[in-house]
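Please read these points with the model open beside you.

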Amino acid sequence: MVLEPPRRLVRALAEDPGADDAAAWLDRLPELVEAATRHHGVCVERLLQPGGRSGVVLLVRRADDAPAVLKLAPPRARPAAEAAALARWDGLGACRLLSEPEASTEDGARHGAAPGGDATGRAAATLASERGLLLERLRPEISLSSLPQAKAMLEAAETVRRLWVPVTGESPYETLTARTERQAVRMREAAGPLVLPLVENALAVRRDLLADAARPDAERVLLHGAFRQAKVLAGERLPWLAVGPEPVIGERAYDVARLARDRLEDLVASDGGASAARRRVTKLAEALDLDRDRVQGWAHFRATVAGVAALAAGRRQEGETLLEFAAWL
C-alpha cells in the first residue's frame, strides 16, 4: 500500500539518537505494513493521523470484520517490551494485546535481558518491529485531555493505579536506573551553559532518588513509563484505557511525574503557576498514596530532561516552558 508516514513521527524519529536506524525503518515502512497485515490477517481501513511519536498506527479490520489497531514501531522503540507489558496487564487498565508476544521476549527475560540488551533481546525487538502489535481498538479521538482538568486527573489516577503490578525475578523490561542513566548522559551532553545549573540540580535529585530506590525493600513495580492524559483513551469494555506504554521497572512516583505537567501551557499562562504546579504534585501524591517529595523530584528530573531535549531540537518555546516548570519544582 502507499503509505505516507505522519510528519509528527518523522520529526520525532529524526530527533532520536538512533536517527540513522529510524530513517532506514521509515524507508522500509510500506513493505513492513504489507507483511504485517498479511501476518495478522487484517485489512487496513486508514492511517491514524496525526498519530504517535514512536510508531505508525493503522486502523484495521480482522478476518471476522472486528475492528482492531495495528501498530508498527522501530526496534529502538522496544515494541517487544510494550507487547510484554500489555500481555501482563491483559486488558486491566490498558488496551488489550490481540496477538501473542514473541516467544523470544520471554526467552530473553529468563536470561536477564532487557529488550535490545543482547542478541536474544534484539531479535525479539526486530521481530516485534516487523510484525507489529495487533491491539484492541479504542476511540483515538477521545482522550482524558478532552475532559475538564480536575475530572481528567481523577480518571488518570484511577487508570494508572491499575497498571502498577509487582515484578519479581527477571523481567524483559528496562530498569529505572538504566533508563534515567541514558537520559542523564544525553541531557548533560546537550545542555548549554545557561541551563547547566538546572541540569546539575536535576542530576543530583536523580542520584538521591535512586540511592533510596536501591534499598532491599524498595518498590519494584511495572510502570507505564510514559503515562499522561493523552495516553488514556475512551474504550468500550471500560471507560478509559491506557495506550502506548514505554514499560520500565521502578517506583510508582516516576509514573506520576509525567502526569504532573499535563496541560503545562495553562499552568504557565496562569497567575501563580509555580504554586499551582506544586499543589498539583501534592494532590497527585495524596490521591495515589505516594511520597510527595519523590513525585516532585521525579517531576523535576523528567521536565528538565524533556526541556533540554526540546531546546537541542530547536523547539525553543517548548523547551523554555518545560524548564520553567522544572525550576518551579
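1. On a 1 Å grid over the protein atoms alone, a cavity is a set of points where a 1.4 Å probe fits but cannot get out. Points are joined across faces, edges and corners, and a volume is the space filled by probe spheres set on them. By this rule there are two cavities of 30 Å³ or more.

2. This is a predicted model, in which local features need pLDDT of at least 70 and side-chain atom pairs pLDDT 80 or more, while totals for chains, interfaces and linings use all residues. Residues are numbered from 1 along each chain as its sequence is written.

3. The largest cavity has a volume of about 60 Å³. Its lining residues (those with an atom within 4 Å of a point) include Ser54, Lys71, Glu82, Lys231 and Pro245. By class, the lining has four nonpolar, two polar and four charged residues. Here Ala, Val, Leu, Ile, Met, Phe, Trp, Tyr, Cys and Pro count as nonpolar, Asp, Glu, Lys and Arg as charged, and the others, Gly among them, as polar.

4. The chain has 13 helices and eleven strands, which are DSSP runs (helices H or I, at least four residues; strands E, at least two). The radius of gyration is 19 Å, close to the 20 Å of the globule rule for 329 residues, so the chain is as compact as a globular protein of that length. The radius is taken over C-alpha atoms, and the rule is 2.2 Å times the number of residues to the power 0.38.

5. Of the 329 residues, 51% count as buried, meaning under 20% relative accessible area with a 1.4 Å probe, protein chains only.

Note on methods: Side-chain values use heavy atoms; hydrogens and water are left out. On a 1 Å grid over the protein atoms alone, a cavity is a set of points where a 1.4 Å probe fits but cannot get out, and a pocket is an open set with protein on both sides within 12 Å along at least five of seven lines; lining residues have an atom within 4 Å of a point. Buried means under 20% relative accessible area, exposed over 50%, partly exposed in between (1.4 Å probe, protein chains only).
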